[in-house]
Amino acid sequence: MTPQPPTYVRDLDIEKPNAARMYDYYLGGSHSFASDRALAAQVEQVAPFVRHIAGINRAWLRRVVEYLMSQGVRQYLDLGSGIPTVGNVHEIAQRQDPATRVVYVDYEAVAVHHAAELLRDNENATVVWADVRDPRSVLEHEETRRLLDFGRPVALLCAGLLLFVGDEYDPAGLVAGYRDACASGSYLAISTMSQDEADPKTAEELAGLLALYELAGERVYPRTRETIGSWFAGTELVPPGLTLLHDWRGETADQSDPVWTRHATSPARLLGYGAIGRVR
Ligand SMILES: C[S@@+](CC[C@H](N)C(=O)[O-])C[C@H]1O[C@@H](n2cnc3c(N)ncnc32)[C@H](O)[C@@H]1O
């Protein structure tokens with residue numbers, strides 16, 4: 001399958017830093033360009049915890065998929081899936097059940113092409129090049145339709161996505177639109193950025209990070225816990241509910257891992273919330 005460009009194409013411009021490739025860089029991936037690394041280095045100067053934001057989010061996503069697999073979910077729609085890196089959704093899921101179906105969606109060219117390459121021989125996973133703000137282009141895409149049966153439970157994953165979706169695109173309405181396309185018993189997983197619990201120093205460093213991203217044309221929108229909670233309308237939150245990302249089912253992580261300890265002591269721990277809701 002050769003991915004087709006989305007309605008709102010994000011051209012490949014290697015001179016211009018890009019949030020997807022910078023995230024890959026923070027996670028230790030190798031799919032960034034000099035422009036991405038230059039801005040990432042500036043961001044690390046003003047907000048030294050930025051790698052932990054990425055790492056904590058990625059670790060949360062892993063625990064989410066493990067939980068959903070334990071609940072019998074075998075279909076995943078991963079919105080804003082990013083550049084493939086260690087611990088991709090299909091790797092975690094298909095290790096347990098190779099028949100698990102995964103559709104990745106991203107609007108960033110590098111993310112989509114690397115995913116397509118990685119999934120070339122995988123009959124049960126695919127990537128759709130689309131802008132999630134146009135749900136029809138995702139939900140009606142032939143690849144989505146080929147792999148996912150919306151008459152049965154689907155897991156909608158929005159990990160580290162909605163911080164890039166401005167209020168003018170009505171994130172609550174967007175989430176509701178995807179949720180309503182899914183059968184009862186589906187799951188909605190969201191992680192996103194917040195500064196509600198940040199101490200003054202961390203809040204100031206985060207403001208520096210946001211300013212640098214904005215200068216690069218990648219606006220980031222931290223949200224309040226209340227707003228994030230409202231995105232789970234129409235679902236029942238799975239225990240432990242909406243928590244700081246690092247705390248969400250943290251007991252299921254390998255706490256002897258030194259990376260876990262580094263995350264636990266980083267101010268980044270206070271900068272994001274996540275939850276899973278079960279669609280009524
Ligand atoms: C921080 S990364 C998260 C990647 C992955 N979901 C994870 O949690 O590890 C955010 C991703 O969302 C993608 N993204 C942001 N806005 C998007 C949009 N409107 N449509 C599709 N993808 C989008 C970016 O290209 C990027 O790859």
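Hi everyone, let's start with helix H3, which is mostly covered: 15 of its 21 residues are buried, where buried means under 20% relative accessible area, exposed over 50% and partly exposed in between, using a 1.4 Å probe and protein chains only. Helices here are DSSP runs of H or I with at least four residues, strands are runs of E with at least two, and both are numbered from the N terminus.

A quick word on the source: this is a predicted model, so local features need pLDDT of at least 70 and side-chain atom pairs count only at pLDDT 80 or more, while totals for chains, interfaces and linings use all residues. Residues are numbered from 1 along each chain as its sequence is written, and side-chain values use heavy atoms, with hydrogens and water left out.

How far apart are the end C-alpha atoms of H3? They are 31 Å apart, which agrees with the 30 Å that residues 50-70 should span at 1.5 Å a residue; that expected span is 1.5 Å times one less than the number of residues. Just after H3, Gly72 takes a positive phi of about 90°.

Now for the partners. Two packed helices are described by the angle between their axes and the distance between the axes. Axes are lines fitted to C-alpha atoms, for helices over the stretch in contact, with angles from 0 to 180 degrees between N-to-C directions.

With helix H4, residues 89-96, the axes come within 10 Å and cross at roughly 30°. That makes H3 roughly parallel to H4, the cut-off being under 35 degrees, with over 145 roughly antiparallel, 65 to 115 roughly perpendicular and the rest oblique. H3 brings Leu61, Arg62, Val65, Glu66 and Met69, and H4 brings Val89, Ile92, Ala93, Arg95 and Gln96; contact means heavy atoms within 4.5 Å.

With helix H1, residues 19-26, the axes of H1 and H3 come within 9 Å and cross at roughly 90°. So H1 is roughly perpendicular to H3. Here Tyr23, Tyr25 and Tyr26 of H1 meet Val50, Arg51, Ala54, Asn57 and Arg58 of H3.

One more residue before I stop: is His246 buried or exposed? His246 is buried, with a relative accessible area of 5%. You'll find His246 in the loop between strand E7 (243-244) and helix H11 (258-264). Not counting residues up to four places away in sequence, His246 touches Ile56, Arg63, Trp260, His263, Ala264 and Arg269. Thanks, everyone!
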